[in-house]
Every structure is written in C-alpha cells, then in structure tokens.
Amino acid sequence: MSELSVGPRVRVIDSHTGGEPTRVVIDGAPDLGRGSMADLRIRFRDAFDSFRSAVVNEPRGSDVIVGALICEPVDPTCVAGVLFFNNVGPLWMCGHGTIGLGVTLGHLGRIGKGNHRFDTAVGPVTIEYDGANRVSFENVHSYRFAENVTVDVEGLGSVTGDIAWGGNWFFLVDSETLPTNLLHGTENQIRKPFGPGEIETLTDIAWRIRQTLEQNGIKGANGGEIDHIELFGPPGDPKNHSRNFVLCPGRAYDRSPCGTGTSAKLACLFEDGKLKPGDVWRQESIIGSVFEGSVRVDGDKLIPRIAGTAYITAEATLILDPSDPFRMGIRSQHSH
Ligand code: PYC
C-alpha cells in the first residue's frame with residue numbers, strides 16, 4: 001500500500017451541511033487494509049497524506065472542505081466505515097460530515113429513510129435519515145474534561161474556558177467573558193451577537209487561544225490535542241439558544257454550528273444543570289445555520305443527538321494528472 005496505488009481519477013460527491021462543505025470520496029480511494037477504524041485512521045494519516053491533500057486542498061478544494069473517505073466498516077452492524085479529514089490532517093469525528101454523508105448515501109440510493117450506523121475512528125454512530133435532506137445522529141459519549149481552565153493569552157490577557165470532548169477536543173469560551181476591550185465596541189471588537197463581520201477578529205482570538213493551549217501543554221484526556229476552539233454567545237435569532245464560532249484545526253472556521261462542538265457544548269450544559277435529557281438546544285452558527293441538539297443518559301455516559309440538514313452541491317470526478325506539479329494539492333500553510 002502506497003500513494004503510488006492511488007489512481008488518476010477520484011469520484012466525489014459534495015454537499016454542505018448548514019453551509020459547511022463535505023466531500024465524500026465514493027471511488028478511487030486507496031485501500032487502507034485491515035484493522036480497527038482507529039488503526040485505519042493512523043494508516044491514512046501516515047501513508048496517504050498526499051491523497052488527503054489532493055482531495056481537499058487547493059487547487060481542487062479549499063481550507064474549508066472536510067473530506068470523508070468511506071470504507072468497509074469494522075463493526076458489522078454499520079452500513080459504512082468513514083474517516084473524516086480536513087486541510088491539515090485526519091479528524092476523529094465530524095458531525096456536519098456525518099449529516100452530509102447520510103444525505104450523500106441517500107442521494108446515491110445506498111441507504112433509505114430510517115436508522116443506519118456508520119463506523120468512525122471513535123466508534124459507531126447511529127443516524128436517522130428522513131429520506132430527503134434531514135439527518136439526526138447519536139454521537140459518541142461526550143463529556144466535560146476540565147472546567148474553568150484559565151490561560152494568559154498574548155494580546156488578550158486572561159481567558160477562561162472548559163475542555164470538553166464531543167468526538168473531537170474543544171476549548172469552549174463564553175465570548176461575554178473575553179477581555180472587555182474586545183467586547184461590544186467598534187473596530188476590531190466583537191458585537192453582541194457576534195456575526196460574519198467579526199470573523200477575522202474571532203479567528204485571530206481563537207487561534208491565539210489554540211496556540212496558547214499548545215504552548216502550555218494543556219490537553220484533553222490521554223494527551224488529546226485540543227485542536228478546536230469554540231467561542232459562544234447570545235443567538236442572533238431569539239428562537240435559538242446560542243450562537244457559536246468554531247475554529248477548526250487548520251484555521252478555517254466552521255460555517256455550521258459544528259456537530260462535535262455542539263455535542264461538547266451539550267455535555268457542559270448538562271454538567272452545569274442547564275440542560276435535562278430530552279430538552280432541545282438550538283445551536284446557531286456564525287452564519288445563522290442551526291443544529292438541534294439534545295442528550296440522553298446511558299448508564300454513566302451522556303449521548304448527544306444532533307439534527308441538521310444537508311444538500312448535495314456536486315457530483316464530480318477529480319483528475320490527478322501525473323504531469324501536474326500540484327496533482328496532490330497545495331499544502332495548507334497551517335499544516336504542522
Ligand atoms: O461538525 O463536527 C463537526 C465538524 C468538525 C470540524 C468541522 N465540522
């Protein structure tokens with residue numbers, strides 16, 4: 001198995017979930033061999049990074065696209081295995097991508113209305129598909145790992161947040177608690193509710209927080225890298241509970257409310273006694289798209305359910321011309 005076994009043509013289906021794109025590879029992916037889904041993720045990361053870059057990076061893609069490689073599931077109760085990846089590497093799980101994959105497999109006629117399971121690098125997730133554009137999924141067990149962690153961020157001062165797992169690691173910060181010189185002002189400052197006009201400022205703040213966590217060795221459980229930063233504040237639409245801004249590992253912001261990020265948020269709300277099992281939490285993204293979230297308790301585990309809609313945007317064949325110097329994509333400047 002090597003990158004050389006990657007053919008010159010790769011068939012993909014593109015969709016977006018609440019504005020956030022997913023590119024599902026349906027043909028032409030490398031054979032990852034056998035092993036657990038976590039093993040396959042490592043093999044994909046270590047042996048097929050150029051393929052990842054070819055699929056999602058420029059000139060065919062962009063920093064925003066999340067790729068989904070479908071493979072044989074390890075768990076026989078699942079209809080598909082899936083590995084998610086972005087502009088800088090593999091993700092553990094992806095909520096908007098799970099919704100996009102459900103709608104993509106429905107579009108291809110590979111699944112119908114009803115319940116189905118996908119095997120991911122962090123375990124199986126169950127989706128419910130309405131046969132058209134709506135998918136809800138039960139995520140993996142989500143939890144808060146550390147509460148009120150304070151870091152001194154260069155240019156910002158003291159910032160406090162929670163570390164939580166929702167299928168990826170998140171540092172969640174209430175934007176209302178950011179240093180007051182950033183809040184409710186004009187130039188380079190954050191309005192309430194924050195909106196697309198603040199994307200550059202929010203990106204800068206979140207990236208500084210991310211780098212500070214890294215520099216200080218602040219991690220999730222088992223040394224997990226905290227590579228998603230979630231800032232939240234009041235909603236733009238009073239029908240919703242909160243608006244968030246999620247910065248992903250490769251410095252692109254999530255156009256959707258982020259399925260794993262909303263799961264992490266639900267875990268924190270639950271642990272704070274602000275959300276009961278069955279309550280519906282409407283999470284808005286920075287562009288105003290909405291996921292509905294709720295939780296159930298299974299023994300000592302908290303299981304979030306996230307619902308959203310996805311739309312197919314393209315059916316395409318990527319051509320990896322051997323004479324093209326950028327055949328395998330242009331490396332993101334935010335790669336490690
Ligand atoms: O929806 O979980 C998500 C996600 C992670 C990164 C981008 N979207």
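User: What makes the space lined by Leu213, Glu214, Gly217, Ile218, Lys219, Glu225 and Ile226 a cavity?

Analyst: On a 1 Å grid over the protein atoms alone, a cavity is a set of points where a 1.4 Å probe fits but cannot get out, and lining residues have an atom within 4 Å of a point. The second largest cavity meets this, with those seven names, from Leu213 to Ile226, as its lining. This is a predicted model in which local features need pLDDT of at least 70 and side-chain atom pairs count only at pLDDT 80 or more, while totals for chains, interfaces and linings use all residues. Residues are numbered from 1 along each chain as its sequence is written, and side-chain values use heavy atoms, with hydrogens and water left out.

User: How much space is in the second largest cavity, and how does its lining divide?

Analyst: About 50 Å³, where a volume is the space filled by probe spheres set on the points, joined across faces, edges and corners. The lining splits into 3 nonpolar, 1 polar and 3 charged residues. Ala, Val, Leu, Ile, Met, Phe, Trp, Tyr, Cys and Pro count as nonpolar, Asp, Glu, Lys and Arg as charged, and the others, Gly among them, as polar.

User: What is the volume of the largest cavity, and which residues are closest to its centre?

Analyst: The largest cavity has about 130 Å³. Of its 19 lining residues, Glu20, Val66, Leu91, Cys248 and Asp254 are the closest to the centre. Helices H3 and H5 (259–271) each supply at least two residues of that lining.

User: Why is H3 called largely enclosed?

Analyst: Buried means under 20% relative accessible area, exposed over 50%, and partly exposed in between (1.4 Å probe, protein chains only). In H3, 12 of the 13 residues are buried, so the rest of the structure largely encloses this helix. Among them are His96, Ile99 and Leu105.

User: How do you know that the span of H3 agrees with its number of residues?

Analyst: Helices (H or I, at least four residues) and strands (E, at least two) are DSSP runs, numbered from the N terminus. The expected span is 1.5 Å times one less than the number of residues. For the 13 residues of H3 (residues 95–107) that gives 18 Å, and the end C-alpha atoms are 18 Å apart, so the two agree.

User: What makes S10 and S11 a pair?

Analyst: Strands pair if DSSP finds at least two bridges between them. S10 (residues 169–174) and S11 have 5 and run parallel, with Phe170 opposite His228. S11 also pairs with S12 (residues 242–247), antiparallel, over 5 bridges.

Conventions: On a 1 Å grid over the protein atoms alone, a cavity is a set of points where a 1.4 Å probe fits but cannot get out, and a pocket is an open set with protein on both sides within 12 Å along at least five of seven lines; lining residues have an atom within 4 Å of a point.
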